Amino acid sequence: MEPLTWTGSLSVLNPVTLAVAAFFAVAVVAQIALAFFAPDPSVQSGPDGRLAARGGAFGASERATRWLFLALLALVLVYLVGGAVLPFGAAGITGAISKLLVPVWISLAVMFVLSFRFKRRLGLYGKLFDSTIGMIGLAIVMFWVFVAVFSDTIATADVLSQISQMKNKLPGTPVPDGSGWYLLGGDHLGRDVFSRMVEGSRIVIVIAPFATVFAFMVGITLGLPAGYYGGMLDTGLSFLANLILAFPVILFFYLLVTPEIVQTGMPQYLAVVLFLFPIIFLLVLVNSRFYVMPGLRNRLVIAIAVVGGYLYLSFVGEAGTRVAILPEALDLIHMPANMLIVFVSVVFVNSPTVFRIVRGLVLDIKTRDYVAAGQTRGERPWYIMIWEILPNARGPLIVDFCLRIGYTTILLGTLGFFGLGLSPESPDWGSTINAGRRLMTVAQHPAIVPALALMSLVLGLNLLADGLREESLKD
Amino acid sequence: MLMFLLRRLATMVLTALCLTLIVFYLTNLPPNLEKLAKSEAGSRITDAEVASWLEKNGHARPLLVRYGEWLGVVPGWTREEGGVTTGRCIARGADPAAAPGYCGVLQGEWGFSSVFKDDVSSIIATRLGLTGLLMFWVMVVMVPVSLIVGVLAGMREGSKLDRSLSTFSIATTATPEYVSGVILIAVFATSMGWKVFKGTATSAMDDITFDNFFLPVLTIALYGTGYIARMTRASMTEVMTAQYIRTARLKGVSFRNVVIKHALRNALIAPFTVIMLQFPWLLNGVVIVETLFNYKGFGWTLVAAAGNNDIQLLLGCSVVAVFVVLVTQLISDIGYVFLNPRIRIS
């Protein structure tokens, strides 16, 4: 088989694309430069009341940027659609990848069409579709989520199978037995870079949001009473939070995420403490809401305690380790020790920041009149905290949640980069960057591909947070 | 002001003690000590021999006592065996009678690195010097660029310039050092892109040139730039909506003068604290970049010490890291109060 080029039979379009891209770059630079000298008003109204676009060089550069951007977008779409329609490999590497990603494209399209259709009924999520930045962010994030969901059908090769002839081969090299191509090349052990990148997304997409949710549970459960009651509780908890925050993150990882520490069972003890918080949070949430309906409350509390307790025990414990509570047969979740330690340390590093944010918000909100009204009505402290204060703090918390998932992704990458925690074989992006960077002078793609993947996901999360912030401020 | 300072200092000392105790505990866990014994006394020794080695070298005692010795508030251990007195503070072959009673961090005895075979204090001093150089150039690049970007973006909120500069800052904050470093190397230093930079950062330890130092500096600076720029932008937009700016505009002061003479000073208070608080974060960046570019500074030493179970050196590095973080927090607090006359301390 022939090695694939980047664009295959669509190469005829390349000169056009290049020209459009070059003009677009020139127009953007011109626009930024001209913005310094541009007059203030952006729209002028004519004598007949019609609005006219801005004239002059700046107006021209503005229009040029817009149209060239649209043209560029259309060309990229042609490459992607062409690749998905033409037979596999005919439209080069981009086309082949686009064809593999067809389930992702369909899911994205369905999601966007449905969200657009019902955006007025979807609250803050629907408002997101009014902001371009937010939509771009959401699209990037959901792209990676869908890639993670469909990763088994997208990946073309096994993540661990090595073909020695494919070591450090360039993108588009065919596999010697003729069964296909290594679309994004082979790494230093002859594994498929593309498939590893796709499978690696699954690790990030699963761990990062979960760890962030746990960190939020811990931060909220401790931050609410600290801000609401103040006093010694606040002083003590704030001191602890500052203690953890003053710890350089990398040093912490190096101390905690080592095989010796796993032997002592420390991560599991930490997990025992940290994973208790979601259950406490849920119990308090339900108890404060349904306190006046004892029958319903008792049933809900028992349900949460049983289900949550079982999940907790099977999450934390593992037969044959320091914390072995459930017998092997009853253990539902088998978390490898090194995965657990990564999870725990990421939660541990994130929760003090969440605690500080929640505490600050509570300090601000508890001076409001509706809180005083609730207190006068005789509402209990926890009801006020969870059902009066927390919903009113949701805006900043949702924004921070998005940003924090991005930060967690970066932390996971850092752990992988230093070879801590996850096994070196693991396809997660941090570990692959670490493996690829050692041979940068020989082959660049094994490091570049996961690096770009990680960057785009974090960028998407940041843009999403920006869009959410903008829209929630409009309320 | 004095009370505030004293209280801050007391909290800082307490935090430092707690943190060093935690680090001491984590580095002196039984498995670590066992590994140390095996690397010092031979890898094939039995468990009983490990225990006796630990006993002989003063590791088999309560944690708090060992921590006190290391800190220098508890007299160092001594041990008599067959007429020869050994001890924590007694150098090999020295006279036991003349040895000092206390030898810990407070006395300036940082211990001996088991991997680099040198005094921890001298290793850390040289490495910190190298990292200081790196940090200096990072600051030289990062601070002006981020302030200019932030001010330009914030002076006309919502303009095209603001949009493009804000996108730039978001993009840099979304790119951790290990990603931007890899991309910069691929684009500027390998056959895949343009081979502009040919030096290695390892050679920069002796002789710094633009060729061998620009990429590491840029990599660290990029990540921080976006964050500081966004903070500057936020503070600048806030100032630009203030009453006195409107008054100045109505008075007929030109836009340029409003920005430079009226807005800039007030807008730069907030970024100051942010820049100071960046130091701990830069510490992360330094560790990553020094590992990536193989520049043997403080971060590289920390990684090497942690990877080789070099307990004394790791403890020393941790002390320095914790100290840097706490001192910058203190400076940023004091600086904020000092710069902002509206803040009155109760």
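## Basis and cysteines

A:C402 is buried (under 20% relative accessible area, with exposed over 50% and partly exposed in between; 1.4 Å probe, protein chains only), at a relative accessible area of 8%. B:C317 is also buried, at 0%. Over all chains the count of disulfides (cysteine sulfur atoms within 2.5 Å of each other) is zero.

The model is predicted: local features need pLDDT of at least 70, side-chain atom pairs count only at pLDDT 80 or more, and totals for chains, interfaces and linings use all residues. Residues are numbered from 1 along each chain as its sequence is written, chains are lettered from A in the order in which they are written, and side-chain values use heavy atoms, with hydrogens and water left out.

## Annotated spans in chain B

The unreviewed UniProt entry annotates "transmembrane region" at residues 9-27, 134-155, 167-193, 213-230, 268-293 and 313-339 of chain B; such annotations may be inferred rather than shown by experiment, and positions follow the numbering used here. Residues 213-230 of chain B are 100% helix and 0% strand, with end C-alpha atoms 26 Å apart. For residues 268-293 of chain B the values are 96% helix, 0% strand and 33 Å. Helices (H or I, at least four residues) and strands (E, at least two) are DSSP runs, numbered from the N terminus.

## Interface of chains A and B

Contact (heavy atoms within 4.5 Å) involves 53 residues of chain B and 47 residues of chain A. Together the two chains bury about 4,400 Å², 76% of it on carbon and sulfur atoms; this is the accessible area (1.4 Å probe) lost on putting them together, summed over both.

One salt bridge (a Lys or Arg side-chain nitrogen within 4 Å of an Asp or Glu carboxyl oxygen) is counted between chain B and chain A. B:R230 pairs with A:D466, the closest N and O atoms being 3.1 Å apart. Elements giving two or more residues to the side of chain B that touches chain A include α1 (2-27), α8 (210-240) and α13 (311-339) of chain B. The most come from α1(B), with 10 residues.

## Salt bridges within chains

The structure holds 17 salt bridges over all chains. A:K119 and A:D130 form one of them, at 3.0 Å from N to O. A:K119 is buried at 17%, whereas A:D130 is partly exposed at 37%. A:D130 also pairs with A:R120, at 3.8 Å; A:R120 is exposed at 62%.

In chain B, B:E157 forms a salt bridge with B:R233 at 4.0 Å. B:E157 lies in the loop between α5 (120-155) and α6 of chain B and B:R233 in helix α8, so the pair ties together parts 76 residues apart in sequence.
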